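This report goes through selected features of one protein model. Please look at the sequence and structure first.

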Amino acid sequence: MTITPPKGLYRAGAASLLGALSVSVLAAVPAVADVAITDLLISEYVEGSNSNKAYELYNGTTDEIPLAGYSVELYANGATSPNNTLTFSDETIAAGATLVVYNSSAWTEFKIAGGISSTTTYYNGDDALVLKYGATVVDSIGQVGTDPGSSWAVGTAGATGEHTLVRDAAVCEGDTDATDAYAPTDDDWDVHPQNTSAYLGSHTTTCAAGAYVPAEAGEEPVEEVVVTPISAVQGSGSASPLAGSTVTITGVVVGDYQGVSGDYQLSGYFVQSLAGDEDGDDATSEGVFVYDYRNAVSVGDVVTVTGLVNEYYGLTQIKSVSSVEIEGTATVEPAAAALPQATEDQLERVEGMLVTFAQELTVSDVYDLFNFGEATLSANGRLMNPTSVAEPGEDANAVADANALNMLVLDDASAKTYDDIEEIPYGIGGEPTTADNPLRAGSTVEGLTGVVGYGYNDWRLYSNGSLAAAGEDNTAAFVDANARPTSAPAVGGDLTVASFNMLNFFETLGYGEPYCGPTADSDCRGASTEDEYALQLGKHVETVTMLDADVVGLMEVENTVDVEALDGLVAAVNEELGSERYAVLDTGLIGTDVIKVGLIYDQTTVAPTGDFAILDSSVDPNFDDTLSRPALAQTFTELASGESFTAIVNHLKSKNCYSSATGGDLDLEDGAGCYNTSRTSAAEALVEWANADPTGTGEDRTLMIGDYNAYEKEDPIDAILAGGYTSLVSGDDYSYVYYAAWGQLDYAFASAALVDHVTGAEHLHINADEVSDLQYYGDLAAWEEGTAYRSSDHDPVLVGLTLAAEEAEGGTIDDAEGTSGDEATAGGATLTVSDGSITAFARYEESELSVQDPDHSFPVGLFGFRIAELAEGASVEVTIALDDLYDTESWVLRKLIGGTYVDGPEVEFGVAGGVTTMTFVLTDGGAFDADGEANGVIVDPVGPAVADSDDDLLAATGADGVEGRLAGTLALVLAGAALVTGARRRFTLG
């Protein structure tokens, strides 16, 4: 290829193309200097933004110059050997012409017609560029072997960085000493702004055009290669004593991560000393990382590498590699390593080496499993959050320090993120982690082998792609020691209560859009699209149905005017269950935050009693509702037993630090995070309010649930315990993980009056152990679509309660006679029905009733029953027979509704044969079916009551016709709220 100028004067902008290259012609000038140009010059240098890099070679002689024998070398970051080289062959540059060499990714204006692309343009302002003929330097920019920091000055400070340099017209010869101090002036170069391209393709000079005189090619000097032991490169400290020096090392490749299939990985490999080259000093590592993706190597290759020693964010490495020679293969035995480290630099002694952790390690975090393929491992089980196990301050900080010594990131070395990852090479059973083979926190691995590295402030182990003891690839094989739960924990009891943080459940779509909240001007949270909402809703439906709780307290529910997100949840849950089982406690807006707490309940087993109550700043100024969400209290009555309890749902201020944090709310570096003082004040106010009967029902059996944003040893939890409450889930359980540290933020606290009725409490571990990208907005959410797994970042808590703790007189469901069929007996009474099957029947004494009719008493007790196997909506004739005779002349039927007794349906009474009978009709789903639903089941406690004004009850002595007299009114009360108190005997319906 020949580059030829046009006839006549050399004019800027004229060009001709011979072969594959074309160049622009040099413009002639009116005056010609006495000094003539006799060889090539670097006439322009562009160090633009991103990949906008180019340089220009100029032939100012009278002759065509053949480029065979010429080369351009790039020396990066002070390297003494070239990183990239452009070697010419049969190209030529015509007299007066230029050749532009550009970066292949540069803007179009830098790609001058006839130019060529080359990796020698992969430079920054601190890299040297050298034009050679053979071994002789013809021209240069910068100083080989020196890194100026960011750039060299050229009259203008920092000129070689982010500028375009054009050779001054009076410069007639190149800088032939590439190793001397580089200090040109504006007499040597004209400095132009970054990304200037207008001067490329031509050059103006005042020099005479002389005949081409090629430089003496010479020969590259042969230097004796001195091999530096890898242990000397590493040294015994945290940084290399040879940083900044060019060295040659020899060793075996124990980990190859140069990049595969579009994944650039670590862009290098680990080299470890051969057995005979080790120094025997345990304080110095025998391995080192080589940053080199150009010279292909394989695991097991014995290599000799020359490059520059450098510390890269705590990792000792060799970069700017100028030479790699492969000399056969070898293996090395892995060194022993263990967690926890005795000191923070213990793994420094094996940095870059092949090691084996013989012990069992536990997965403590999988948050970034599908973001760079990372899992955090620890010894002796998962790591606990410091303030979960130690008091904030010195003790907690000691735990944090110990945790730091007990962490190792297992890294697949991939540079891919969730956008491209389909599987992780390690997982359960040695198989990759995929949608069908999930890896959860709590899984374990033993005998893990890999190469130790350091990055992003963590010690790392690269297992796949490493040289194992047998010389083969080693992939971590995990044991599923923490399998996904498929059902709720068995907490016992007749009722269960759950607490669940929903991770911003919003019906209003548009994350970050300013039209949510009580005033419709706050940023929305939750799902951004209909698809995300469908994913989130589906997960929450599965969570609620798996919990199968009678009452569910919920956090992070949308709090927008005219929006009740829980209506959508309950509708979807009921559709899944095939019945109208759950209902929403309608509270409307609560507080001023964009999120609130809420309650849903199983209306077939419980009913709200009285009104709900709210704790906010208006109730107690110590409860700052601009930080913590207002608390919600509601008393519920178990329909089967008539027993009640009060649920209080809470969501205290998070630990995140914002500008509003001042004083004691600042992060005091004691482990409690920000807003500890405000959370503690809120907890104290909460206890005082909870103990003062907030719902006005007189119920002292209180269960406080929710997300308290405080771990077990922190002040807010201390305040609640000091207020007489018992934490029902304690010890080493957890509901949340933050940077591999586990603890409980989601609690259930029982009052002193309730604690003996608790049958069990556990977290349902469906969320915190899972990969974060499975969340509804995660990139892998579709993997677990329609499942409860990672429905939130918090685990729900489930509590079992038996409110009627003792057996009732006459038997319980478990031991009552005839509790299947159309007749049953209990406590001297007989129940018969015209249809269906009696599945429960029991009798209580009057002393056990907690809700009293102000005008009546219950001298013959209370009866509770359940009738099943009915057609939906069917009517049933019910008869209760008592062993005594009564005057039934004035008896009526009554029912307790919302705390008030009202007249019920008519009842037919009979007195004969020493027996008094009461017969009435109930309809499934009707007004006197306590579950309120046409579901084929009728549930009711009933009891005959006598008016207090005529309370003489005269029973017969057993003979037929004996006239027992009851003067006054006897009422049959069908109670829909709590009726039994006192000893609170056990009474379970189904």
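## A buried network of charges

Arg-440 counts as buried, at 2% relative accessibility; buried means under 20% relative accessible area, exposed over 50% and partly exposed in between, with a 1.4 Å probe and protein chains only. The model is predicted, so local features need pLDDT of at least 70 and side-chain atom pairs count only at pLDDT 80 or more, while totals for chains, interfaces and linings use all residues. Residues are numbered from 1 along each chain as its sequence is written, and side-chain values use heavy atoms, with hydrogens and water left out.

The side chain of Arg-440 forms a salt bridge with that of Glu-770, at 2.7 Å from N to O. A salt bridge here is a side-chain nitrogen of Lys or Arg within 4 Å of a carboxyl oxygen of Asp or Glu. This pair links distant parts of the chain, 330 residues apart: Glu-770 is in the loop between strand S42 (758–763) and strand S43 (797–801), and Arg-440 is in the loop between strand S26 (427–428) and strand S27 (444–455). Helices (H or I, at least four residues) and strands (E, at least two) are DSSP runs, numbered from the N terminus. Glu-770 is buried too, with a relative accessible area of 2%.

## Other salt bridges

The structure holds 17 salt bridges. One of them joins the side chains of Asp-602 and Arg-581, at 2.6 Å from N to O. Asp-602 lies in strand S33 (residues 595–602) and Arg-581 in the loop between helix H5 (565–577) and strand S32 (582–584), so the pair ties together parts that are 21 residues apart in sequence. Both Asp-602 and Arg-581 are buried. Salt bridges that share partners join Arg-382, Arg-440, Arg-484, Asp-769, Glu-770 and Glu-784 into one network.

Glu-47 and Lys-53 also meet through their side chains in a salt bridge, at 2.1 Å from N to O. Both Glu-47 and Lys-53 are buried.

## Nonpolar cores

The largest nonpolar core has 38 residues, and those with the most contacts inside it are Phe-357, Leu-369, Tyr-426 and Phe-478. Such a core is a set of buried Ala, Val, Leu, Ile, Met, Phe, Trp, Tyr and Cys residues joined through side-chain atoms within 4.5 Å. Two or more residues come from each of S23, strand S24 (374–379), strand S25 (408–411), S27 and strand S28 (458–462). S23 gives the most, with 4 residues.

Beyond its neighbours within four places in sequence, Phe-357 is in contact with residues including Ala-337, Leu-347, Leu-408, Leu-448 and Leu-461; contact means heavy atoms within 4.5 Å. A second, separate core of 37 residues includes Ile-65, Leu-129, Ala-178 and Tyr-212.

## Thr-362 in S23

Thr-362 lies in strand S23 (residues 354–365) and is buried, with a relative accessible area of 7%. Not counting residues up to four places away in sequence, Thr-362 touches several residues, among them Thr-376, Ser-378, Arg-382 and Ser-443. Thr-362 and Phe-478 are 116 residues apart in sequence and 9.2 Å apart in space, C-alpha to C-alpha.

## Gln-634 and its polar contacts

Gln-634 is in strand S35 (residues 629–638) and counts as buried, at 1% relative accessibility. A polar atom of the Gln-634 side chain lies 3.2 Å from the backbone oxygen of Thr-609. A polar atom of that side chain also lies 3.2 Å from the backbone nitrogen of Phe-612. Leaving aside neighbours within four places in sequence, the contacts of Gln-634 include Leu-585, Pro-608, Phe-645 and Thr-695.

5 of the 5 residues of strand S18 (residues 268–272) are buried, so S18 is largely enclosed by the rest of the structure. Gly-268, Phe-270 and Gln-272 are buried on one side, and Tyr-269 and Val-271 on the other.

Strand S17 (residues 246–257) pairs with S18 in the antiparallel sense over 5 bridges, and Gly-255 stands opposite Phe-270. Two strands pair if DSSP finds at least two bridges between them. S18 also pairs with strand S19 (residues 287–291), again antiparallel and over 5 bridges. Val-271 stands opposite Val-288 there.

Notes
Polar contact = N/O pair within 3.5 Å; in protein donor to acceptor, adjacent residues only side chain to side chain.
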